[in-house]
Every structure is written in structure tokens, then in C-alpha cells.
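This report looks at the overall build of one protein chain and then turns to a single residue within it. Please have the sequence and the structure open while reading.

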Amino acid sequence: MISRFLVAASAAACLASISSASAADLTEHEQLARDIYEKVISIRTAKGQEQVPVMVEYLVGQLKAAGFTDSDIQITDYDSDGEHTQGLMVFYRAEGEAAHKPIVLLGHMDVVDALAKDWERAPFTLTEEDGYFFGRGTTDNKYGITNLVSTFIRLKKEGWAPNRDLVLVFSGDEETGMVSTRAQAEYVAENIDPEFVLNSDAGGGVLAPDHTPIFYAVQGAEKTFATFELTITNPGGHSSRPRADNAIYELADALKKIEAYKFPVRYSDLTLASFKASGAVTPGELGEAMIAFADNPKNKKAIKTLRDNPETVGTTGTTCIATMLRAGHAENALPQSATATVNCRIFPGVGAAATEAKLKEVIDNDAVQFELITDVTESPESQLRPDVLAAIQKSLEARGVEAPVIPYMESGGTDGMHYRTKGYDTVAISGAWSRPSDMYAHGLNERLSVDAFYGGLDHWVVILKELAGGE
Ligand SMILES: [Zn+2]
């Protein structure tokens, strides 16, 4: 999963623009990173293909060629909903006694599938065209994997030795069952116990339509994903002899009540800080509402504007929405059952049980049976630690970019929540800069600008040197 803020940016935030090497004259490291990117995108690591082990084997080969040994590498097999997948961990060990607890670095190797017939270009072939790299995973998350692996290779080749252990933890089914993620988070908590966790799968720089940097977004929280099935059953009968009660009508009444209900406004320091900063660079009524909400979260006009906008509605509280329906069994029979699927994105700290209780109270009909059909992971908000913030700022400085660093809450979900729920501060800090209009993760024609790719290759190098010592 990867997503960003909506920013209808103004050119007023006129900061240094991002530039990088042209593809024509690549350095040795740029060429290596491009080769890894091209190879991993060619491996169709989507559900049903069982290709994650092929990608693991390739990455391990690259890492070993750079000097990582068998004892630095851990491959684990998982059964994800009947499919064989793998997780990969790579240890870059501290020289001598470690000065601090380890840092865990996350990425996921699987992708959402892509069908060639629907794409303009072959989805599992890296295509460089019009200043973009096209292909499934170019942003989500094979860019992150490529950047982290090439960083480890580069630092190893330089002979750099960190003053604490750095551990790559790559999952194999983040986009589907998260079986590998859960097991890895468990392993990490018991055996590695890091000081904090950094995720490559979200966050990153946000550019204006004219490619001017606006702000650098740090994903510091995720909403809880919970899906309920609401069912009404009924004895049914012949449709020529209608009963007074009807499963479809009753369910429809319940759904209309959910539609009308608005969950209370919720916010945290992170909500207010991110609205304050993104409001300053978002023009028009939406930007004004962000700033007004940051000043006073009880401002009714601001709340209405934010909640009327699909890009911001999820940031001010829990949302629950009907997504699927099934009912009845014949056109001439009274329905014996009617079921609606209701998907909730729950504000951190509220919980699935409290949300279910609230929906029941709103519906006020004991005949509606609730079933929670997702394996819910509730995760707290993470702090943006001063040392991590300083490392991000150093990376921006190294690229000549002046832009505010803004934490945000993601309405989707990433591997990070499984580490937050174990008590580890986890923030996602991708090295990529992109325009919101270039976000095609999970969709057709996924892309990353060529400048963003090469311009971000120093990101993790600077950050890891800052956080783990050494030169
Ligand atoms: Zn992702």
C-alpha cells in the first residue's frame, strides 16, 4: 500500500527543484540500482504466481556478491492462504559491540497483480519513456526494495561499518494475507527488539504540478481496517403472499441509518500538525479548512469542508461504508436472508469492538447479525523521533531541497501497523518525490519519474549513516 496527501499545490512554495543525473551517463551505483529495479519488476510477485521465492533468490545473489554472508541472511517460508511465499531478512551487523539497539527497515516484495491486456505497456517489463519508469511495483514497493538493497550493497562495498545492527525485513504477502508480515513482526519483537522501525513503503516527498517540492510526508499512523457483514434472516415464503417483515427492507433500513450517521470528530497532535502544514500549501477553501481545523478542531465549517472531500474525510474520524450486497435466492420468493458488507476505517485508539457497538446502537435493530470478517490489527500512532527527523532533514539537505517535514496518518494499511502494535515507533519515509497526479499504485500504468528514481538513491545512505554512525 502506498498513498499520499492530496495537494492542489500553489507555486508560491517556490523551493529548489529536484534534479538528477540523466539516464544517459549513469554512475556505477545508478546502473546497479537500475539493473536491480528492472530485474525485480520482471518477476511477477502477485498472488497466485508463487514468484516471491524467485525474487528472494535473486536479491540474495546480489547481496552475497557484495559481501553479505549466509549468516547475514535469513529466508523463511510461509503459507499465505495456500500459496507458498517467503520473507527475507538481511543483517548489516555492527562492528564490535553495538552502540545502540538495532534499526529494522521494512519493504514488501509482493505486488498487486496487473493484467497485460489492460495496461498500455507490459506491466512486468521496466519501460523508460517520457521521463518515467513504467511497470507494476515501480512505486509500490519494488522501488523501496531496490533502494534499500542497493544501499546495503553500496555501503558494504565502501567498507562502511555501522555502530548498530541494521536489518532489512522484507515481507512476501503484504498486499494480501500479511501472514509473512505478522510472523516477521513476532520474530523481530522476540529476537531483534529494535529501537525503532523505518518503512520504505509510504511517505516521501510531495511535488507541485510544476515539480516544485512542497513538503516531505512521514507516515506515522494508520487507521484500523475492519470489515463487517450485516445479515438479516427471515422465514421467507412465496412472493405472491408477502409477509409484513422482509429481510431486504429491514437491511435497507439499517444501511440508511449507517449512511446518515457521522462518527464523532477525532484528531491527534499528528492530525493537527499535518493539517497546519499541508493547509499552508493547499489553495482555496480546502486549505483554509485545514488551517481552521488545526486552530480549532470544533470549527463546524472546517469540519464540513474536510468531510465533504473524499481526500480528507478519512483524516477526521472513523468512516464506515457499505461496499457489497447480496440477498434473496429467486425472483418469485421472499428473501430468506440479506447481507451487506460494511467496511470501516477506524481512527487509531477507537477499536473495532467500540465501532461495532456504535453501529449496533445506530441501527437499533437486534435482528441484524454482525460478523467481523477481517483479522483486525489495531495500531497506535508512532512518534517522529528527533533523531529520525534530523536524519530526514539531512537527506533533504543533501539533495538541496528545502521543505517542511510533515507527519500524516494513512487511511490504508502497510506492514508498519504490525510493528506499531508491538510497541515499536514505526514511520514510513520513502526516498521518492512525486506529484499526487503521478500516483498509480495498485492501478493501471503505475509509474515513477526517472528523476525521482535516481534522485532518491542517496536517501537511505544519508539516513543510515546519520542514524548508525560511520562515514
Ligand atoms: Zn505497498
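What percentage of the 471 residues in the chain do buried residues make up? In this predicted model, buried residues make up 55% of the 471 residues in the chain.

The chain is built from 13 helices and 19 strands. Its radius of gyration is 24 Å, which is close to the 23 Å given by the globule rule for 471 residues, so the chain is as compact as a globular protein of that length. Taken along the principal axes, the box filled by the C-alpha atoms is roughly 80 × 50 × 45 Å. Among the contacts in the chain with a separation of 6 or more, 79% are accounted for by residues 24 or more positions apart.

| Property of the chain | Value |
|---|---|
| Accessible surface | about 19700 Å² |
| Part of the accessible surface belonging to carbon and sulfur atoms | 50% |
| Positive side chains | 42 side chains |
| Negative side chains | 67 side chains |
| Distance between the centres of the two sets | 5 Å |

A single residue can now be followed in detail. Thr315 lies in the loop between helix 8 (300–308) and strand 12 (319–327). With a relative accessible area of 17%, Thr315 falls under the 20% cut-off and therefore counts as buried. The side chain of Thr315 reaches the backbone oxygen of Thr312 at 2.5 Å, and, when neighbours within four places in sequence are left aside, Thr315 is in contact with Arg266, Thr271, Phe275, Phe347 and Met409.

Notes:
Residues are numbered from 1 along each chain as its sequence is written. This is a predicted model: local features need pLDDT of at least 70, side-chain atom pairs count only at pLDDT 80 or more; totals for chains, interfaces and linings use all residues. Side-chain values use heavy atoms; hydrogens and water are left out. Helices (H or I, at least four residues) and strands (E, at least two) are DSSP runs, numbered from the N terminus. The radius of gyration is taken over C-alpha atoms; the globule rule is 2.2 Å times the number of residues to the power 0.38. Buried means under 20% relative accessible area, exposed over 50%, partly exposed in between (1.4 Å probe, protein chains only). Contact means heavy atoms within 4.5 Å. Accessible areas come from the Shrake-Rupley method with a 1.4 Å probe; for residues, only the protein chains shown count as cover. Lys and Arg count as positive and Asp and Glu as negative; His and the chain ends are not counted. The place of a charge is taken as NZ of Lys, CZ of Arg, CG of Asp or CD of Glu. A polar contact is a pair of N or O atoms within 3.5 Å; within protein, one must be able to donate a hydrogen and the other to accept it, and residues adjacent in sequence count only if both atoms are side-chain atoms.
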